[in-house]
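Let's take a walk through this structure together. Have the sequence and the 3D view ready, and follow along strand by strand and helix by helix.

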Amino acid sequence: MTTFRAKTLGGANFSELAKVSARAFQFVDENDIAPFEPDWHEVFDRWGAGAAPVVQGSLVLIFSDTAQVIGSSLGCETVYQFGMKPQIEPGVYLVSKSATGNAWRIPGTCADHQENCLKIVASGLAGQSAVVLGVRPGHFLVLPAGIEGTSWSVNLNCLSSTLDDAILTEHLNVFAIENLNSAETRGDLWIDAPNWIPKEQAERTIQKLLLVGLRTALTKHLVIPEPSTPIGRLDLLVLSKDPTDPDRYVLELKAVRSHTSTGTVVTPSSMVTHLSDGVDQADQYRKKVGGKAAYLCVYDMRRVKGGDVIEKTKPRCATADVLLRVFDIHNNSKTARKVAATV
Amino acid sequence: MRNVSIAPSGEGANFRRFWILALLSGVERGGASPIGLRHFNLMAYFANSVSRCYEIEPLDPTILKERGGPLYPQLMWDLDRLVGMRLVRVVNLVIAAEGRARHVSYAITLDGLNHLKLCSELSDEMKLVANSLTSASLAYCRASRGISVDSMQTKDANISDPKFGNGDVVDFGEWDNYNATANAVDFVKSSVEPPFEENTGIAVNLYAQYLAKASEVAL
């Protein structure tokens, strides 16, 4: 920390400034890709959790950087300090990514979810990220690609705010089965799905989607993408919003594929090396950040899953005390549905 | 960079109006539209004082310290011109019995956003200025429930500096390069501990939180 002389801070209170810097976890970068900022979680908790949720009926929040502009064009009523309201009427509201702002209620929307969806489509907002409360009790639904896309369901009535391997692994499983294998996501991952040719940035895409998925699911935790350490950047770091909880989880993500994006065959030895690097990275980053656990999350994009590539990685993980988690990515809906049905 | 003249028309006026649109863009993005005139003036001062943190020149690096808080008559004039140009709209206008405006709020329009985008594309400098001001106003808006004239007078590093009394001109870049508010933001930025990184936008947000009353800001 640079040494500041008190006299350079004018009339500011030095100790209050030092205290406020400890709250950096409250804010995400302005260009963060998640559909909403972490402060919305408290609002969802307040409105949707518990045996008698505040919200009765469909409450749809449509996220936009220009909520007021769109709202005024649709003749919306302004609801000031929306996130602070103890009671909210069902309906569809345009809101910003930050929960501290106002909202604009689309006229004619109501407690009926079907009606609300029709109104959203008619208003030209079907493609905007949305969150739905009041439809599935004790849950909120996240629709990152809009009201007609995939929805992720998040349970607000979690028994505990702590995180452990079982809970984190469950979230990773749900993400892989329900979200990574959806028809909408498939378009982001494959150049030529029938021939198992992935996009060059598939691994990066998975990382971004997982960031959003974990952010929305882990309401009591922060998920930080690529925080830098003295030895480089790790993929994802999960830590509690409670500053007294020291547990941190390091996630290193790797995709294994049969072909490169140009169609060149990838050899098994290079895949093994790729995963071996991942084990080393996860181990080293865990030591550097004082992590409770380190995960190597392998996303298998090959035609034939599992096999030697995974088997050869297992002993390395065991030696380094890195938890290996393998998730299959399928190239078509039929296979994905079949596999999901057996789980 | 540049010192902008206070002439009501001409090149200086165009830049001031671009400056205002950039601020209102951040207000829009933060869902805080419309913004009342009192908060607009506080926010304009906030943006001026933290401009150095974003490596841009402030529009006006001086402010008269007075009991009613920061006031920018020239910007208010330009704001009304933007309303006439339909780049900003008036909301919640309340006229007092004697005919003057008792309360008024402003919000950027779609035309205003499009105009800002075109101006930002003119040069890298314009883009940097637009992005920086949007970031600063977004930070202000997140904490605006707790920021008041009183909190600015008593907590802001520049204005609350005991060497300035009411009626004095607080200079933070015109003749005097010393900017205590920017120093305070830099201090917060350097105090952030890993795994969080030193980030100007987040440091400005934290400084805005410091200005606000804690009870007013929390959800």
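Start in chain A, where strand E13 and strand E14 (residues 248-257) run antiparallel and are joined by four bridges. Helices and strands here are DSSP runs (H or I of at least four residues for helices, E of at least two for strands), numbered from the N terminus. Two strands count as paired if DSSP finds at least two bridges between them. Within this pair, A:Val238 has A:Tyr249 as its bridge partner in E14(A).

Before going on, some ground rules: this is a predicted model, in which local features need pLDDT of at least 70 and side-chain atom pairs count only at pLDDT 80 or more, while totals for chains, interfaces and linings use all residues. Residues are numbered from 1 along each chain as its sequence is written, chains are lettered from A and ligands numbered from 1 in the order in which they are written, and side-chain values use heavy atoms, with hydrogens and water left out.

Back to E13(A), which has another antiparallel neighbour: five bridges join E10(A) to E13 (residues 236-240).

How many residues of E13(A) are buried? Five of its five, so the strand is mostly covered; buried means under 20% relative accessible area, exposed over 50% and partly exposed in between, using a 1.4 Å probe and protein chains only. In a regular strand, side chains alternate between the two faces of the sheet. Here A:Leu236, A:Val238 and A:Ser240 point one way, A:Leu237 and A:Leu239 point the other way, and all are buried. Strand E10 (residues 221-225) of chain A is largely enclosed by the rest of the structure, because four of its five residues are buried.

Elsewhere in chain A, look for an open sheet of seven strands in the order E2-E4-E3-E1-E5-E6-E7, with mixed pairing. Its edges are E2 (77-79) and E7 (152-155), each pairing on one side only. From one strand to the next, the twist averages 25°. Inside this sheet, E1 (residues 59-63) and E5 (residues 130-133) run antiparallel, joined by four bridges, and A:Leu61 has A:Val131 as its bridge partner.

Helices lie across this sheet too. Helix H4 (residues 113-122) of chain A lies across E1, E3 and E5 at about 25° to E1(A). These angles run from 0 to 180 degrees between N-to-C directions, with axes fitted to C-alpha atoms, for helices over the stretch in contact. Contact means heavy atoms within 4.5 Å.

One more stop in chain A is A:Thr169, in helix H5 (residues 165-180). This threonine is buried, with a relative accessible area of 14%. Leaving aside residues up to four places away in sequence, A:Thr169 touches A:Tyr295 and A:Arg325.

Finally, hop over to chain B. There, H2(B) and helix H7 (residues 180-191) pack at an angle of about 70°, with their axes 7 Å apart. That makes H2(B) roughly perpendicular to H7(B), since angles of 65 to 115 degrees count that way, under 35 as roughly parallel, over 145 as roughly antiparallel and the rest as oblique. B:Tyr45, B:Ser49 and B:Val50 of H2(B) meet B:Thr181, B:Ala182 and B:Val185 of H7(B).
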